[in-house]
Amino acid sequence: MKTRKKIGMIGIHTVLLLGGIIMLVPFIWMILTAFKSPTEATQIDPFVIFPSEWLTGAFSSVSEKMNFFRLYFNTLLMMIVRIICAVVTASLAGYALGRLNFKGKNICFALVLFQMMVPVQIFIIPQYLMISKIGMLNTTFSLVFPGMVTAFGTFLLRQSYIALPRELEEAALLDGCNIPQTFFYIMAPLTKSGMIALGIFTALFAYKDLMWPLIANPDQNSMPLSSALAKLQGQFSANYPELMAASILACIPMVILYIIFQKQFIEGIATSGGKL
């Protein structure tokens, strides 16, 4: 029995190790390509993995073409504002849909589910028209606008509030708390893990958002990293070492954020039961 259990554990760890290696291959390829010449990066030879000469010209070239400090600032600002707006609005809506009784509650929740099932590309034209009408194109607000209210976050926090025992609200009512006091002082602090998970998902969604920034904010001074990287891709050709060098530099903020908030990141994903 012990031998069978050991064999099973070895098999599980082998599969996990192979999966980890497979996921690391694109990142390793990205790093190695950044140090190659354009000719060497595009040659078809599976046995040539490492560059014959480690070149750093791609990093200096993209640093001259792109203002990374400005791109970092725009991206981080977009992520922070989106996280704040998403957590606040989703907490309020999730509590209302999960704990309160009012007319039209089921209809409102059905609309939330409907928005989650519909592809986000359908909302691009209405959102663009709204931003255009108020004259906010090519601004940071245009980047933040689609993520200010999130149906996914509302659903996620609604489930967190539903999981809390009803006795908490009954005790708060006996102590004289009204609905806002019950929400702010008792219920909201107990859903901290769900808020952290929502913040993580919102940050990732904002960081990798590509289509909307290219449409609503093509200005060089206010575009985020995703759209700036897309503009490095030429119509007929691409300088892959420069593209990979820019991708490495673009990964730096998320790596730093993960190192700083590693504990919260793991706890938020584990407690929410979600996956990236």
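Student: Where is Leu129 placed?
Tutor: Leu129 sits in helix 6; helices here are DSSP runs of H or I with at least four residues, numbered from the N terminus. This is a predicted model, where local features need pLDDT of at least 70, side-chain atom pairs count only at pLDDT 80 or more, and totals for chains, interfaces and linings use all residues. Residues are numbered from 1 along each chain as its sequence is written, and side-chain values use heavy atoms, leaving out hydrogens and water.

Student: Why does Leu129 count as partly exposed?
Tutor: Because its relative accessibility is 47%; buried means under 20%, exposed over 50%, and partly exposed in between, with a 1.4 Å probe and protein chains only.

Student: And how far apart are the C-alpha atoms of Leu129 and Ala216?
Tutor: They are separated by 9.9 Å, with the two residues 87 apart along the chain.

Student: New topic: Lys105. Which helix is that in?
Tutor: Lys105 belongs to helix 5, residues 105–117.

Student: What is the nearest side chain of opposite charge to Lys105?
Tutor: Glu169, 9.4 Å away, and Lys105 is buried without a salt bridge (a Lys or Arg side-chain nitrogen within 4 Å of a carboxyl oxygen of Asp or Glu). Lys and Arg count as positive, Asp and Glu as negative, while His and chain ends are not counted.

Student: Which backbone oxygen lies 3.3 Å from a polar atom of the Lys105 side chain?
Tutor: That of Leu97. Beyond its neighbours within four places in sequence, Lys105 is in contact (heavy atoms within 4.5 Å) with Ala96, Leu97, Gly98 and Leu100.

Key: Helices (H or I, at least four residues) and strands (E, at least two) are DSSP runs, numbered from the N terminus. A polar contact is a pair of N or O atoms within 3.5 Å; within protein, one must be able to donate a hydrogen and the other to accept it, and residues adjacent in sequence count only if both atoms are side-chain atoms.
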